[in-house]
Amino acid sequence: MSRLEEKFANLKENGKKGLIIYITAGLPDAETTVKAVLEAEKAGADIIELGIPFSDPMADGPVIQAAAYTAIKNGMTVKGVLEIVREIRKTSQIPLVGMGYVNNMLHYGFEKFTADAAEAGLDGLIVPDVPHEESAEMKAACKANGMHLVEFVTPGTTDSRISETCTTADGFIYCVSINGVTGVRKIDYSPINNVIEHVKKQTATPCAVGFGIGSVEAAIDAAKQADAVIVGSAVVKRIAEGKLAEACEFINSLRSALDENYSK
Amino acid sequence: MAKGRFGKYGGQYVPEIVMPVLTELEAAYEKYKNDPEFLAEVRKYFNEYAGRPTLLYYAEKLTKHYGKAKIYLKREDLLHTGAHKINNALGQVLLAKRMGKKRIIAETGAGQHGVATATVAALFGMECKVFMGALDMERQKLNVFKMRLLGTEVVPVTTGTSTLKDATSEAIRYWAANITDTHYIIGSAVGPHPYPTMVRDFQSVIGKEIKEQIKEEAGGKIDYLIACVGGGSNAIGTFYDFKDDNSVQKIGVEAGGRGPAVGDNAITLSSEGPLPGVLHGAYTYLAQDDDGQVIEVYSISAGLDYPGVGPEHSYFRDAGVVKYVSINDQEALDAFQLLSREEGIIPAIESSHALAYLEKLMPNTKEDEVVVVTLSGRGDKDVQQVAKALGEEID
């Protein structure tokens with residue numbers, strides 16, 4: 001069982017909702033990122049989604065775009081991200097999932113990248129510009145190296161596509177709450193909750209809801225049907241402002257709220 | 001491997017959110033692309049609104065200047081709004097109308113595609129938003145004003161490098177959030193499937209007309225076809241109907257900018273060892289750094305400085321269907337002036353890259369050969385910049 005699978009099994013056993021925190025690697029530097037990940041774990045994060053900065057992040061809103069831009073400007077590279085992973089692995093076994101865009105991985109070479117990433121200690125990948133249709137090669141490379149390739153469903157994903165995604169789903173399913181990009185805003189979580197209900201009939205793979213979750217209330221709403229929630233921009237914004245302690249307080253408040261509302 | 005491939009290039013590298021709307025667009029395009037009624041409607045607006053067919057003009061003085069093969073110019077510069085961009089904008093807006101979309105969005109670099117889109121949106125009474133890099137808005141104030149005059153909202157994009165590639169990403173982001181009522185008119189033969197195919201089809205009217213017109217003009221024989229390549233829509237439109245005809249040598253001209261150094265040009269296909277990658281939904285040759293980050297490219301021509309290129313061009317490059325070369329800023333400026341002086345035609349700085357290649361090609365041609373250059377747009381928009389480059393300031 002991978003670190004990721006073990007974590008979800010553990011959460012399920014304890015009747016808890018998972019908290020996935022997104023952090024852009026290299027914002028503003030490697031040292032801060034390592035510290036942010038370890039502090040986030042202490043504050044109650046179950047899984048870390050580590051953003052691999054790309055020059056043209058099509059699926060991201062302004063906060064994460066700006067974070068990627070800063071990270072690249074400050075010299076962060078794909079190899080640099082793997083270094084961060086190695087550094088974290090010296091002291092932590094928290095599941096780490098890399099979130100990046102396909103071009104960086106393609107340029108590195110899918111097979112070499114997944115091999116190096118697995119060796120460094122990444123447990124899986126999220127590649128938002130590789131939809132199910134284009135995922136075969138990436139999936140094979142991940143599989144060969146014991147890594148998960150997370151796939152997506154959205155409120156607009158058709159039933160036939162949901163079924164297709166469910167047959168190959170691996171690690172967890174990223175359930176996008178709303179049509180649009182990442183970033184905090186008020187969202188009605190009922191459409192995605194309906195999709196998750198549908199997904200759950202077809203697969204035992206855990207579901208994590210992301211996009212737009214910027215408050216305790218939103219996290220509670222989003223976690224209704226899902227196994228976990230993903231919080232990115234609201235944390236990254238605070239890190240970008242140099243307020244890591246505040247980011248961790250926020251993570252801690254999410255943890256408490258999820259536990260209070262959902263723990264059995 | 002998924003749909004929409006040209007050899008190994010193309011595909012649909014987009015977020016899951018965009019997939020349903022791409023599928024919808026693909027289905028609509030499949031339904032209408034051979035529908036006689038739809039094609040007749042497109043033809044009607046091409047002819048009665050945009051001004052098609054455009055002339056295939058025998059440039060007698062330019063021919064004499066070189067003293068070799070006969071030179072013909074495909075006059076896309078004579079179209080309404082001043083460039084070939086209107087072909088694609090009209091085709092797509094007519095499709096969007098049939099799909100029941102209420103709003104049109106587009107990205108623009110220099111503003112030519114933005115103006116073409118704003119124009120068709122005005123014509124069909126659709127709401128229109130054009131995403132434009134803040135830096136480009138500053139550089140292209142006239143086109144920004146034109147778009148606003150046409151009733152379009154110009155949305156400044158301040159992310160990344162504040163240029164065309166960022167405007168394209170922003171348009172895709174907006175689309176992802178507004179898929180039900182919005183159609184995205186992408187400006188070149190780039191992006192995820194079905195865009196490269198659809199844009200090519202709407203632009204292929206250029207090559208089809210050349211094929212017909214040359215029969216009357218020169219007995220139907222063409223030896224060389226030349227077009228400039230940024231994203232590559234006028235070029236793919238020019239070459240497509242000749243792709244299987246090996247007797248016609250097809251030459252795509254990229255922007256060589258200030259020189260060969262990284263970031264000094266907009267070359268994606270004609271460099272020594274180009275690398276493919278994924279940008280804006282397609283696998284294609286791409287200007288990128290050692291880490292796979294897309295680099296900001298440069299050309300004197302704002303219409304050619306895109307770091308990617310249409311995926312079908314990548315395929316044509318590998319298959320040897322088209323030869324890709326580059327022309328630098330200075331050579332383009334020289335050609336801009338030469339055509340103005342010799343023929344009384346002020347070409348777009350983009351098209352001037354295609355014209356500039358004549359300097360290299362013509363000495364190797366024979367008098368009984370025929371060269372056709374696609375003059376993709378007119379140069380009114382560039383006059384100020386060219387004056388500046390030549391050391392004259394005009395307000």
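Which residue forms a salt bridge with B:K61? The partner is B:E342, and the legends below take up this pair among others.

This is a predicted model, in which local features need pLDDT of at least 70, side-chain atom pairs count only at pLDDT 80 or more, and totals for chains, interfaces and linings use all residues. Residues are numbered from 1 along each chain as its sequence is written, chains are lettered from A and ligands numbered from 1 in the order in which they are written, and side-chain values use heavy atoms, with hydrogens and water left out.

**View 1. A salt bridge joins B:K61 and B:E342.** The closest N and O atoms are 3.9 Å apart. A salt bridge here is a side-chain nitrogen of Lys or Arg within 4 Å of a carboxyl oxygen of Asp or Glu. The pair links distant parts of the chain, 281 residues apart. B:K61 sits in helix α3 (residues 60-66) of chain B, B:E342 in helix α13 (residues 329-343) of chain B. Helices (H or I, at least four residues) and strands (E, at least two) are DSSP runs, numbered from the N terminus. B:K61 is partly exposed, at 45% relative accessibility. Buried means under 20% relative accessible area, exposed over 50%, and partly exposed in between (1.4 Å probe, protein chains only).

**View 2. B:R200 and B:E312 form a salt bridge.** The N to O distance is 3.1 Å. B:R200 lies in helix α9 (residues 195-203) of chain B and B:E312 in helix α12 (residues 311-319) of chain B, so the pair ties together parts 112 residues apart in sequence. B:R200 is buried, with a relative accessible area of 8%. B:E312 is buried too, at 7%.

**View 3. B:D241 meets B:K208 in a salt bridge.** N and O are 3.8 Å apart. B:D241 is in the loop between α11 (233-239) and β10 (249-257) of chain B, while B:K208 belongs to helix α10 (residues 205-218) of chain B; the pair therefore ties together parts 33 residues apart in sequence. B:D241 is partly exposed, at 24% relative accessible area. B:K208 is partly exposed, at 43%.

**View 4. A network of salt bridges in chain A.** Shared partners join A:K7, A:K16, A:D46, A:R255 and A:D259. Over all chains, the structure holds 53 salt bridges.

**View 5. Chain B against chain A.** The contact (heavy atoms within 4.5 Å) takes 38 residues from chain B and 38 residues from chain A. The two chains bury about 2900 Å², 55% of it on carbon and sulfur atoms. Buried area is the accessible area (1.4 Å probe) that two parts lose on being put together, summed over both. Three salt bridges lie between the chains. One of them pairs B:E16 with A:R161, the closest N and O atoms being 2.5 Å apart. On the side of chain B that touches chain A, α1 (19-32), α8 (164-177) and β11 (276-279) of chain B each give two or more residues. The largest share, eight residues, comes from α8(B).

**View 6. Helix α1(B) and its packing partners.** The helix has 14 residues and reaches 20 Å from its first C-alpha to its last, close to the 20 Å expected at 1.5 Å a residue. The expected span is 1.5 Å times one less than the number of residues. Buried residues of α1(B) include B:M19, B:L22, B:L25 and B:Y29. The buried residues pack against α8 (159-168) of chain A together with α2 (36-50), α4 (85-98), α8, β8 (182-184) and α9 of chain B.
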